[in-house]
Amino acid sequence: MENQFSWIQQWYPLIPISYLDSQQPTSVNLLGKKLVIWRDNHQNWVVMDDACPHKLARLSLGKINADGNLMCRHHGWCFNSEGKCTKIPMLAGSEAEETACKSERSQITTYPTKVAQNLLWVWPDHSVTAFTDCTSKQPATIPETELDIDAIDWYMFEAPVGYIVSVESSLDPSHAQFLHEGIGSFSPEKTVPIQQFENVGEITSQGGFTLQHSGYNVSNKEMEATRKFTPPSANTTIYKYANGKSNLFQLYFVPTKPGYCRYIVKFLVGGNSGSKNLFFNLLPQYLQTGLKHISGYKLADQDLAMMHSQETIESSLQKPWNKAYFMPAKSDVGIVTFRKWLDEFAGGSPAWEEDIKTSFQELDDQQLFDRWHRHTKHCPSCRNSLLFIEKAQRICTNSIVVFAVLALLLILINVPVELAVLSTVIAVVSCLAFYLLDDLRHRFLSSVSKRGIPWLKLYDN
């Protein structure tokens, strides 16, 4: 059917360029397919299936050799940017190597890519016409705006909740007053009913839909909001206020595998400015970024807790969404419109790689609120922040030992007591610093408390 949405013949934002290492391959998932990203010696980013045709080892565990080809770590097979096998060490220099390298069985499927607005995009179609077909569409990038789209970098994390509930949440602004109570100005007491929420224009398989709505709290009730969903991943939300200022929120929801979704987001707020804290600005840039990232987990944890609980209950019901949900308010228009698009044009859910298991799995708190796999291991700034903290901890450990021993020696040799006291104070301060650094390190790894009862306090009341 001509108006049916194809999940694979689309441009997907795969990862921010700043999250990639040009010196080594990166593993990603998309629609249940395992892919590897790497850069060749022509500075081009390559995306291909993450499986060596020899024994199906992950190529993302390999390395980029001096020839600019990707080498499998298992037996040294090498592949160029077109997916062609260029070297089989155990057949080196033989006619058999030449024959094997020409065989279709030694080739790896590669996919069209492009870089736009500092994101790497991929067209995950493996058909023979994919590199031609992809030219008929353009990625759903940030539209033209007066705001500086390069003022901040992209933020990416792998959410342990599904694609559908993730997109739904982004089209449901009224939840913020209740789910995020205590963060910023969000509060149930400041809620105002959304007076206007409607779909404007036509809903189409390729173009998606556009929503317009009024404000939902006392501080933004006069604003005009537009939410544009461009399939398969983009939600471009623009808030225009009565004072002429505007905010733009660009959100991408990338279906990686059943029960998981990659979020790539950028919030552009009118009048953005850097921190005025002098001490903070003296820190290395990566540490500044890392500390900003861990400060935003509470809101995301609240979202995850609610979305995962929703998925858990929905998976146990033998009902379609429109029988399970009760949607009587204007504020529900965004959710209903997305679900209608999904059902009418896109088969009701993402089209996963064949044979992949789609059964729902409930997660415990340690899994749901894990920060290492969600974000830290992907983010260069957060990884470098961890290394910085661990280096500082080693310095503290050495300081504790040195000054504790020094204090003991000073007491034994009967020198002025002030020196022994000073050494003791330095050892104690070093011990306290180690303790505080250990707590900070844990904040990059998990939202669940490290000490005491292993629970997560989502709200202060």
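What follows is a set of questions and answers on this predicted model.

Q: What makes C52 count as buried?
A: Its relative accessibility is 2%. Buried means under 20%, and therefore C52 counts as buried.

Q: Why is C396 said to be in no disulfide?
A: For C396 the nearest cysteine sulfur is that of C431, at 9.1 Å. The limit is 2.5 Å, so this pair is not a disulfide either.

Q: Is C396 buried or exposed, and what makes it so?
A: C396 has a relative accessible area of 10%. The cut-off for buried is under 20%, so C396 is buried.

Q: How many disulfides does a search of the whole structure find?
A: The search returns 0.

Q: What share of the residues of the chain counts as buried?
A: Of 461 residues, 44% count as buried, a label that requires a relative accessible area under 20%.

Q: What share of the contacts with a separation of 6 or more comes from residues 24 or more positions apart?
A: Such residues account for 60% of those contacts in the chain. A pair counts as a contact when heavy atoms lie within 4.5 Å.

Q: How many helices and strands does the chain have?
A: There are 13 helices and 18 strands.

Technical notes
Residues numbered from 1 in each chain as written. Predicted model: local features only at pLDDT ≥ 70, side-chain atom pairs only at ≥ 80, totals over all residues. Heavy atoms only, no water. Helix = DSSP H or I, 4+ residues; strand = E, 2+ residues; numbered from the N terminus. Buried < 20%, exposed > 50% of the residue type's maximum accessible area, 1.4 Å probe, protein only.
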